[in-house]
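Here are some notes to read beside the model.

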Amino acid sequence: MNTSIELPKRDQVIARDLAGPAKAGLVIGVLALAATALFGLGYGDGMRHFGHSMLVALLFFLAITIGALFFTVLHHLTSAGWSVVVRRVAEAITGAFPVLFLVALGVLVIPVIMGSSYIYDWASHDFVYGGGDFPGSELIQAKGGYFGSLFFGARICFYFLVWVGLSRFFAGQSLAQDDDQDPSRTLKMQHRSGVSMVLFALVTTFAAFDMSMSLNAEWFSTMYGVYFFAGCFWSFLATLALATMWLEKRGNLKGVVSIEHYHDIGKLLFAFTFFWSYVSFSQFMLYWYADIPEETHWFHYRMWGEWTNFTLLLAAGHFLIPMLGLMSRHVKRRRGVFAAWCIYCLVFQFIDLYWNVMPEMVNGVGMGDPATTGPAFGMIDITAMVSVAGLFLFGFLNKLNGKPALAIGDPRLPESLAFQNV
Amino acid sequence: MSDQNQNSSEIHGVVGYYSDVDGIMNASRKIRDAGYKKWDAYTPFPVHGIDEAMGTKPTILPWIVLGMGLTGLCVGLGLQWFTNAYDYKFLISGKPTWSLPANIPVTFEVIILFSAYTAFFGMLALNKLPHLSNPLHKLERFKRVTDDKFAICVESKDPNFDLARVSKLLGVGSEHVETCPIDTTKAALPIWFHGVAAILTCASFIPLALAFKGRFATSEKPQYHVWPDMDFQRKRKTQTAWEGFPDGRAMRLPVAGTVATGELRDDFELYHGVAQGTAVPASVRYDAALFGSAAGADRPEWLAGFPAAVVVDEPFLERGRARYGIYCAVCHGNQGNGVGAVALRAENLDAAKWGWVPPKALHSDNAKAYSNGELFHIASNGISTMAGYSAQVPAKDRWAIVAYIRAIQATQALDPSAAPQDVEFQPVPTIDSVRVSDSGADGE
């Protein structure tokens, strides 16, 4: 209706000069990784702290990247209109998959295949079958077929293969469309989005099982994949808003993205605040109700003991506060306020992952009781985050560098530009 | 602008027509800036941004929904507190009668219920819907607003209303401006409508009243049968009388001398726990004359060992351990000490005051004195207040349980002082050692 929509010129939206920041990210990432390793050696715990801190950081940025892939596929699956203007940002974020794969290879896969159990208890023969100080675990023995180090490595590689493959397909088609403006590419992406989504869901679920849930291999939750995914999309939306604001400031998306788009991102962020709470509570309640020891122990040492306050912090900070905070439309329609909430959400995504991973550091092979050993937050956790952040930025900016920050060839771009919330 | 000389008290308002969105947006801004309050824009489809152009204030509906959502929160929690923790305390799955995790799903649903209804009906109410008639519908030209035209109507009720000024304002960029006369057609609902509505309203209370009456009245009259052919079938029900057979019963007995498949049970040792060919004890729960040390001359020849049909080896004992764990341990405890989960639970509830009999320890001297055949008979048919398990557990498995009870008795008899000294010895708990001491709390 509003006939005065002007399509931005290609020249105007190209994200130039990102090679420098990308390289800086790489250098900082590698340096911080070295620092983390040094800190890790300082603990003298067989790099156990190092492994778990790196795992938290890896999961944090992997979650954002997974969320970005989900957003892209979902956009095509629902043939969405409003989100065209921010889709390129999501596509660029998925460019971080390869570098995160290298981190996963180095921190998770190779050590496990070389026989180290510094992260995963199930990789320790003594822990599973008895020997040394360990009585052995019948429950893990029963799952022996699944927990083999080579099989584990193969699975992780497969997950990344799928993620990288999907992200390359969707980002590639979209970039090609910038040049040839061919609407049939949109149809092609829509046609493939259904099966991509199924594949994505399976891979992400099992990745959550393998990378995070298996830290306590005796425990199991069929909802864990959804739970992890809820955090993925949540943290991605916050990242999307922040990255878009940054690109807007740089002038790449100036006059393209409007407060209406942030409002919509905010609505999703609000919805997924609740989704996370819904899923994590459902997971908790089923176990609480059935009250079976091999299911409740995972919650027990998180809820009763040194982690109690941390758990309460999570419930309040990940659910109550952002739910009330993000409810109002005025919050979502003010860039500054909304940006603050996005940062808040990222902090609590970190806290969520930390709560999932860290109690397992002392548990099991760590030979401690997580109920009496509380959070041991240290410099090492910060450097680990900085390191993966640097590498993530490298992957993201590298992908975006020299390309339009906007899917200018998309046939629905005018619709997205004119988008208004009623 | 044909009919401008009409008196403003006789008209409903002035209507301007526009051919596109830009036209109505501009006109809306003008009317807004001129400070009019009683006016509205009519468009064939939702126009983004028109609320801003009209100066519409943000709706208060979200606040109402929030308020009702919070009300739902209180109602949901309150309902569960009142029903389950106050008015009628009821123990579910051993959770506290008032426990938040269990209440959250229901509370959540009540919040959704309240909020959704409030949002839906609140939206209707704030929009003054349903709005059954509008004078604008009388205008021929206005009909196109449902198709491809846009219109604004400023009503004469507006305190600033001035016919000439409004007409001028609306005229800018418009296709046409006209006045809308007051709708003089009789607007009242027909009289029969009130009557029908009253009757229907009263009728809607009938089911409620009947249900209410049913709660307090008894009736001698037979029930009303909706499907008589289903209620009165030409057949005899089980366990009823019928003169058609000589013995006056509707049910038939098996022909004398027949045995149902698998029911032969001619292996006395296996199925009855007595020596082959001797008198078979009745399958009753307890018969002091047949049983235990007090039995007299009628005591059956209980088997002392195991029937020839079973082989007592390690897998057999393992089978017994598993069956015992499934069927017996809930009461008698894994160690056979009589402290199973049910027993513990009953102790904590102080169930003895309702006549609860605790399960016995299976390694007592009394239990040791039973022969294998007697143990088998107890496992099959029960003893005293304990029910039998022949319906659930096949005969061979019952023998496996007997073997396992023997194993318990043998191991529990070991002298603790003979245990290796470097092992910390923990005595097996008895029911007295686990009894909760504050059972006088709700003292009856």
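**Notes on the predicted model**

1. The area buried between chain A and chain B is about 1300 Å², and carbon and sulfur atoms give 73% of that area. The structure is a predicted model, and totals for interfaces use all residues. The size of an interface is often given as the accessible area lost when the parts come together.

2. Which residues make up the side of chain A that touches chain B: nonpolar, polar or charged? That side divides into 10 nonpolar residues, 3 polar and 1 charged. In terms of contacts, 14 residues of chain A meet 16 residues of chain B.

3. Between chain A and chain B the count of salt bridges is 0. Polar contact between the two chains is found in 3 residue pairs, with both residues at pLDDT 80 or more.

4. Within chain B, look at helix 10 (residues 314-332) and helix 14 (residues 395-412), whose axes come within 7 Å and cross at roughly 95°. Angles of 65 to 115 degrees count as roughly perpendicular, so helix 10 of chain B is roughly perpendicular to helix 14 of chain B.

5. The residues of this contact between helix 10 and helix 14 of chain B divide into 12 nonpolar, 1 polar and 5 charged. Helix 10 of chain B contributes residues including Phe316(B), Gly320(B) and Tyr324(B), while those from helix 14 of chain B include Trp399(B), Tyr404(B) and Ile408(B).

6. The peptide bond from Leu129(B) to Pro130(B) is cis, with omega near -5°. Pro130(B) sits in the loop between helix 4 (100-126) and strand 3 (150-155) of chain B.

7. Gln239(B) has phi near 60°, a positive value in a residue other than glycine. Gln239(B) lies in the loop between helix 8 (228-231) and helix 9 (268-272) of chain B.

Note on methods. Residues numbered from 1 in each chain as written. Chains lettered and ligands numbered in written order. Predicted model: local features only at pLDDT ≥ 70, side-chain atom pairs only at ≥ 80, totals over all residues. Heavy atoms only, no water. Axes fitted to C-alpha atoms, helices over the stretch in contact; angles between N-to-C directions. Helix = DSSP H or I, 4+ residues; strand = E, 2+ residues; numbered from the N terminus. Parallel < 35°, antiparallel > 145°, perpendicular 65-115°, else oblique. Contact = heavy atoms within 4.5 Å. Nonpolar A, V, L, I, M, F, W, Y, C, P; charged D, E, K, R; others polar. Buried area = accessible area lost by both parts, 1.4 Å probe. Salt bridge = Lys/Arg side-chain N within 4 Å of Asp/Glu carboxyl O. Polar contact = N/O pair within 3.5 Å; in protein donor to acceptor, adjacent residues only side chain to side chain.
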